[in-house]
Amino acid sequence: MGFKELFGLAALRRALLSLAVTLTTAPLAFAAEHVVEPHDWQFGFQEAATPVKERIAGLHHELLIIITCIAALVMILLLYVMVRFNARAHPVPSRTSHNTWIEIAWTVIPVLILLAIAIPSFKLMYYMDKTQKADMTIKVTGHQWYWTYEYPDFKDVSFDSNIIPPEEAVKSGKKRLLDVDNRLVVPVGENVRVLVAGTDVMHSWFVPSFGVQEYAVPGRLNESWFNVEKPGLYYGQCNQICGVNHAFMPIVVEAVSKEDFQKFISAKEKAAANGTAPVATGKTAAAGGAVHLAAAAE
Ligand SMILES: [Cu+2]
């Protein structure tokens, strides 16, 4: 939250409202000041929250420099030819048809450029593919139209994550079409392995600031990973067209300190032991239809 926004009245009211909602609805909520989400008139990528995303942004910038140079060179050559060799300036055309050295150059230089792109690109691809040393695992399952999160390293910790219906979100100062009832909570500074699957159709678990976009395919287990550097809230969305409510299954990841994560896990484990936890049923499609209708009516 920026300095100016912090002192805006509307923002203050929104913050108080959202605090009230958080305190009343979430049994265990952590103060998260660092929020990474899409912005109006945003240019470029969302801020990088993981080493993977930093490298993706780095490769993107390298490529941008390379393609800008290529486009500029081609444009300059084209302009030069148009001015220097047009019919008026150069009435008698040259009959040159071969030039060995130029032909070698325009073969070899593009090959070198492609190599300069391919080598860092492959390195990044393998770096993104899976973590070398996972500290913990999370299983993400895509459903029509919500997500289920499971923590297989801990006993009976799993829950569904549904969108907060738009009109409710607006009323309570939450983010419309982005906030969810149960966030995925992860510790900062740990290598989190993410296993992604689907139960009905293809979905895709996409958190832009993590550089993670993994298809949730029925009958398959796809793998990705992230290591969040700072505590905060990170927003994402399903980005594989998966049916009528595709736009209504957002993702919120809350990165917290290791101690807070332990508290979160013990609270979940305790609730599971007492039978009071809303354990994932894989059958809570309820929110879906209502949300879609409400959003369509807006
Ligand atoms: Cu989906």
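## The chain at a glance

Let's start with the overall make-up: 7 helices and 11 strands form the secondary structure of this chain. Keep in mind as you look around that this is a predicted model.

The chain has 298 residues, and 29% of them count as buried. If you take the contacts between residues at least 6 apart in sequence, 72% of these join residues at least 24 apart.

## Strand β2 and its two partners

Together, β2 and β3 make a hairpin, with 2 residues between them. H143 is a handy landmark here, as it stands opposite Y146 in β3.

## Inside the nonpolar core

Which residues touch the most other members of the largest nonpolar core? In this core of 46 residues, they are I138, V140, V186, V194, F226, Y234 and V253. Strand β11 (residues 250-256) supplies the largest share of the core, with 5 residues.

Leaving aside residues up to four places away in sequence, V194 touches I138 and V140, along with V212, E214, E223, S224, W225 and F226. Three of these neighbours, I138, V140 and F226, are named with V194 among the residues that touch the most other core members.

Methods: Residues are numbered from 1 along each chain as its sequence is written. This is a predicted model: local features need pLDDT of at least 70, side-chain atom pairs count only at pLDDT 80 or more; totals for chains, interfaces and linings use all residues. A nonpolar core is a set of buried Ala, Val, Leu, Ile, Met, Phe, Trp, Tyr and Cys residues joined through C-beta atoms within 7 Å. A residue is buried if 20 or more other C-beta atoms lie within 10 Å of its own, exposed if 12 or fewer, and partly exposed in between; C-beta atoms are placed from the backbone. Helices (H or I, at least four residues) and strands (E, at least two) are DSSP runs, numbered from the N terminus. Two residues are in contact if their C-beta atoms, placed from the backbone, lie within 7 Å. Two strands pair if DSSP finds at least two bridges between them.
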